[in-house]
Amino acid sequence: MKKKIGIAVLVILAFFGYYLDFDFSSLTSAVVVDVPETYLSETGSLEVIFCPHQDCEGALLSFIDSAKESLHCAFFEVDLDVIRNKLLEKQKEIDVKVITDDGYLYEFNHSFVKVDRSGLMHNKFCVIDGVKVSSGSMNPTNNGAFKNNNNLVFIESSVLAQNYEDEFAEMWNGTFKKGDSVQSSVVEVSGVKIENYFCPEDNCASHVKEVLRSAKKSIHFMTFSFTDDSIANVLLLKDLEGVDVKGVMEARQVSKYSVFELLSYQGIDVVKDLNKANMHHKVFIVDSSIVITGSYNPTGNGNKGNDENILIIYSE
């Protein structure tokens, strides 16, 4: 009886959390008409690799080395010697700028490096020549490349590159944890639709929940840190709808603040990872056709307290 009552209360709370982002003031007697979605389209490329069983260090090194005019990187931390040496080498030839978290300036402290001053500058992205972007969950560190489970994304897209350049410019000029909303949030790159947002200004959590609510068959997730109850509530409701919900969470991040016990108690198939280092992904996979990734962990700080980015990729 206790569990049945608990489930009933949870469903009621989850229901309100599920629709929390909905603007009820917009409900009128007007007829709702579907408007075709419009967004920019361009030719480009997309590649994803996974650490540590693929050569993430070599892939990032080649990416950085390909810069011909400009190289702007926002790295939470950077302790890979080959990456640090390549940045120093490129800085002698082209426009190189690096932003890092103030807690890790000691790892790479040079005249072309700036830091934030509050919260975390948690991004892991680079923009090259205004046309290519790297992102994902991998910090360019020995643990990030060789021990932790991570993903590293490379995209050739002038539209996305401009989004990241705009975000980089804000931080370079001293604007952290706020700023203008992303200008081109949706782009089609060689037939692949990609959404792009930055936290906290674009409210990453709301976009994650919107995609999760669209799930018809499955939601599979891999999360380093997961404490956002409102996102967990969406998962619980989708489970009640018959959607296959399962996930892997970093064992050392499971605490009283984590949603692990909440999900597990309600029957969600969620397990702790077995990597002796870290399972560092921040990934949701919806209906085997939509992937959410980036630097953003589904936490309150990830959404409101840190500088973060996410990519929502529509591709089977």
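A polar contact is a pair of N or O atoms within 3.5 Å. I kept that cut-off at hand while reading this predicted model.

**Entry 1: Lys216**

I started with a lysine. Lys216 sits in the loop between helix H6 (204-213) and strand E11 (218-223). Is Lys216 buried or exposed? I found a relative accessibility of 64%, so Lys216 counts as exposed, the cut-off for that being over 50%.

Next I looked for partners. A polar atom of the Lys216 side chain lies 3.1 Å from the backbone oxygen of Ser214. Leaving out residues up to four places away in sequence, I noted that Lys216 touches Val243 and Asp287. I also checked Asp244, which is 28 residues from Lys216 along the chain. The C-alpha atoms of Lys216 and Asp244 are separated by 8.9 Å.

**Entry 2: the cavity**

How many cavities of 30 Å³ or more does the structure hold? I found 1, and the volume of the largest cavity is about 40 Å³.

Which residues line the largest cavity? I wrote down Val208, Lys282, Val283, Phe284, Ile292, Thr293, Tyr296, Pro298 and Ile310. Two or more of the lining residues come from each of strand E14 (282-286) and strand E15 (290-294). E14 gives the most, with 3 residues.

I got 7 nonpolar residues, 1 polar and 1 charged.

Terms used: Residues numbered from 1 in each chain as written. Predicted model: local features only at pLDDT ≥ 70, side-chain atom pairs only at ≥ 80, totals over all residues. Heavy atoms only, no water. 1 Å grid on protein atoms, 1.4 Å probe; cavity = no way out; pocket = protein on both sides within 12 Å on 5 of 7 lines; lining within 4 Å. Points joined across faces, edges and corners; volume = space filled by probe spheres on them. Helix = DSSP H or I, 4+ residues; strand = E, 2+ residues; numbered from the N terminus. Nonpolar A, V, L, I, M, F, W, Y, C, P; charged D, E, K, R; others polar. Buried < 20%, exposed > 50% of the residue type's maximum accessible area, 1.4 Å probe, protein only. Contact = heavy atoms within 4.5 Å. Polar contact = N/O pair within 3.5 Å; in protein donor to acceptor, adjacent residues only side chain to side chain.
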